[in-house]
Amino acid sequence: MSLKTFIHKVGRKRILTLILLIIIIGGVVAVYTINWWKMTGSEIEIEQITPVLKQDGRYITLKVRALGYGKVDIEDIYIDQTKIVTYTSDPSYLEPNGSANITIMYPWLQESEYTVTITTTQKTQTESTVKTPSVSPSASLNITSVKKEVLYPDQPRLKMTFNYNISSYGFLSAYTGFFLYNTYQNEIERPIYLFYDQYIMPPDTLERAEIFYNLIFNLGMNITKINWDLLSNLVDSKPHNAMLILFNPLMNASGTIFNDASPACLVDPNEDGYIKAHSAYQKSIVYDWEKDHGLVFISVGSTQAPTNWIIAKNGTAYRPKDEEYSDQFFADTPGAFRGWGPNTIVPTRIGQTLQLRNWISDYYLDTTILNSSIGSHNYYVYGLVKETNWANPCYIRVGEGGWLQCSNGSNLDDTTIAEDLTMIILHAPWNGEWLGPNSWNYDSEGKYYQSNGGIVEKVDQISTGCMWSILPSNFSLRTILKLEDGESEKQVLVENLEIYETLWGKEFEILIENIQTELKMDGRYINFEVKATGEYSIDITKVYMDNTECLFNGERNHLEPGTSTNISIQYPWTSNQTYLLRVETKQGSYDEEIFETPEIKSLMNFTLTDITQDESHSGTELTVSYSINITGFSYVNTALFLHKSYNLTNREIYIFYDQRYMPGSTIQKIDEFLSITKDLEMNVKKVNWDALAGLVESKPRAILILFNPLKSENGDVYYNSAPSCLLDPGEDGFIRNGSVYNKSLVYDWEKDHGLVFISVGSNQAPSEWIIAQNGTAYEPSDKDLSDKFFIDTQGAFRGMGFNTITPTRIGQTLGLHAWLGSWRLDTSILEEAVGIDNYYSYGFLSNTNLSQPCYVKVDEGGWLHCGEGLTLDDGGIMRDLAMIIRHAPWNGEWLGPNSWNYDSGFKYYPTNGGTLSKEDWISTGWIPDEDVNTVILRILLLAHDSYGDQYVIQEDVKYYSLES
């Protein structure tokens, strides 16, 4: 068939449609084929992926290869779906089967997994995962050399340059600080207390305090937030070398703001407006705390001493009545902080070293008044050399402590103020003796290194300013390396202290030789020789052991060139320890030697050699003779006790300890008691509410201790109180319910199961108030008989009076203190109610003792009552209680009425860690004629090694038949 016939039969239109269809299908096939060729020809893969640390940060490096036969152009790179904007690629594109190295700066975290995705302009992509390694950040700062230069020969000044190497691996940044001191005590660890109480601090002040707290906490420093009650406790105890920080402004109960304010518990505990009345120096409690106990007080946001206003505990605000002295209450700075003015600005080099900001406010530091009132060497000014600084912080030394005043700095935000304050605390001028007046202008330098979590390896140097020649012959250089850890959001602090010589005093050199240690009868000694090795004679003026000045005895203190002297100092050195011995001269020279002490094996031997009996019309006296040999202990007590019978029982000791029902003061006392009893090898177990309830049900033969006061759920404090699980499990107010003897569960436990119940801090039987398990407090319904719930005393503990005081011999034997409180022991009522032989009175023979502890026997058990003891600190009360428990009168039968006046004796041997060898004796008092044939002599030895902080206890029991 011809083509013409075919076209005619099929039709022209149909043929054209068929051709068009063939063309379309062919185009689609062609496009698909081309795209397929492009994609298969431009495929890539990540051959290698590596996380690395470099000088300027953390990186991820990739090696990418083209797998096909076409050129490949990288379009985008993603890490965990985050697009990377900046990276380098070498080369910038990939030839067929070619590769490229890609470098990406990325802040990866250690031991984490990341997904890297790469797309190309050819619409291909590849991805791979990488797990980062453990970085183990580390850093070091090493001084390699010191260059000393004398400048201005007519008025000599000294400039020193320190060359050092710094190495930092894995940290975001590193800050180096170099500080010079005459001397520096880097062993002082100051706990930091931050006043933080929402009841008198407005939200802005709380926020500032919170920011500061987080900065200090992240540096690993020991900082604690304290409310009103805890601050009040601190003021009472005045701990040594503490730091207290108070942010301003404060507010009253209605929310009114008061600047330059303090809580009353800090400056005016009586809230009568007389701040000076509480001060030994007629200034303030804080001033005394600074001067005598090393407090560093820091006031932030106050333009002067924070005593313009006082906030009472009930939330009212008032002005002190002795306000005219208010700016002297913290340092001798009358009017040192004045209104705005440029005439006495002191910009300082230290501000640059610590990277401080420019504090600008309406108040400035009037250095003229500071200089005239306390002397320029007693304060330290912070600021910036290149800036006008109206309100730079100032540290004013008061004795061992001091006051750091930080005014508003109103141009700075809260975070900046907190950062500056943190840096000043790191500087810690309170721990060192400054080089001299205005030393902040030359005694410091610092540098900052940014590493973005990478590596810093650098050789660098810093220089001091030009220091006057009044400097001593040596100085202490303190270096600080502060590092930011971006992963934990904490900071790391590395500190070092080294001592260097200056150029002064070389012609007056001395040398320490032949250091020897010695134990003597009165303590521990260090003996050594000092030689004058310079060109001129010298005068020995001071001797230090580890920066502590010691009294010394020398053959002579003035030495001609080439001569020597032997020196001896008494010092409480411990065995196998390294010490730094330092000798200084009047001429400014010194020498130091490090030495190690030998091992001391503490020894205590006690041998009873004889017992003798002496008769008189007054009765019988027993004398125990013995020999004693002591080595290495601080002191030894020997105590003698007499009993009619004695049976050592191993009673478990339990103490109620549940913070839900105890104010902070009670917790503090218990912690002190537990620390002391641990030293005395007494195993005291803490029990909470549930555990105490279990003991009440099981009634073991034990010792149970209850401290007062307790508290309710709303924080109210209750004296003479007890938890309901101990006295009133049904919480119906009827304590006698469930008691076989119609008294209390405790009385039954004492009488039938040998419980020894000890109440501490309660003026009478602790049943005036009951604390329920839900925290509410209530009075028992049968309260009229409350003093019979423990013993038949019928009101034996009365108000203060002198008619029935019974000072006792046993108090001396146990080394008890005089308990002078407002409640006394009424012995006449005790004798009438329970019989004279059923109670044992503790006291101190040579003191008027109004509230001495008393042990009352209830058959097998009994009650040890310890009142408030108001004149004693917590440590004294707790040690007395521990010694009475050591005496353990419940284990023995007493000789007779008032036996505490004759049934004991003691000797005390102080040795200061030295030696003692002695023949000695202990005598009882005159024992009244009793129907007793055999007595039991119990000898207790208590040796304390204060150097090793340990006690050694020995006990011996002897039976002795009285001669008729």
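This is a predicted model: local features need pLDDT of at least 70, side-chain atom pairs count only at pLDDT 80 or more; totals for chains, interfaces and linings use all residues.
Visitor: Where in the chain is Pro133 placed, and is Pro133 buried, partly exposed or exposed?
Guide: Pro133 belongs to the loop that links strand S9 (125-131) with strand S10 (138-151). Buried would require under 20% relative accessible area and exposed over 50%. The relative accessibility of Pro133 is 39%, so this residue counts as partly exposed.

Visitor: What covers the buried residues of helix H10?
Guide: Helix H10 takes in residues 664-679, and its 16 residues reach 23 Å from first C-alpha to last, close to the 22 Å expected at 1.5 Å a residue. Its buried residues are Thr666, Ile667, Ile670, Phe673, Leu674, Ile676 and Thr677. In an α-helix there are 3.6 residues a turn, so residues three or four places apart point the same way. The cover over the buried residues of H10 includes strand S47 (652-656), strand S48 (684-687), strand S49 (702-707) and helix H16 (874-887).

Visitor: How many of the 14 residues of H16 are buried?
Guide: From its first C-alpha to its last, H16 reaches 20 Å, close to the 20 Å expected at 1.5 Å a residue. Among its buried residues are Gly876, Met878, Asp880, Leu881 and His887. H16 is largely enclosed by the rest of the structure, because the number of its 14 residues that are buried is 10.

Visitor: Which residue with positive phi follows H10, and which follows H16?
Guide: After H10 comes a residue with a positive phi near 60°, namely Glu681. After H16 comes a residue whose phi is also positive, near 50°, namely Ala888.

Visitor: Which strands are the edge strands of the four-strand open sheet?
Guide: The order of this open sheet is S34-S35-S40-S38, with antiparallel pairing. An edge strand pairs on one side only, and this holds for strand S34 (510-520) and strand S38 (552-554).

Visitor: What is the bridge partner of Glu513 in S35?
Guide: S34 and strand S35 (residues 523-532) run antiparallel and are joined by nine bridges. In S35, Glu513 has as its bridge partner Glu529.

Key
Residues are numbered from 1 along each chain as its sequence is written. Side-chain values use heavy atoms; hydrogens and water are left out. Helices (H or I, at least four residues) and strands (E, at least two) are DSSP runs, numbered from the N terminus. Buried means under 20% relative accessible area, exposed over 50%, partly exposed in between (1.4 Å probe, protein chains only). The expected span of a helix is 1.5 Å times one less than its number of residues. Contact means heavy atoms within 4.5 Å. Two strands pair if DSSP finds at least two bridges between them.
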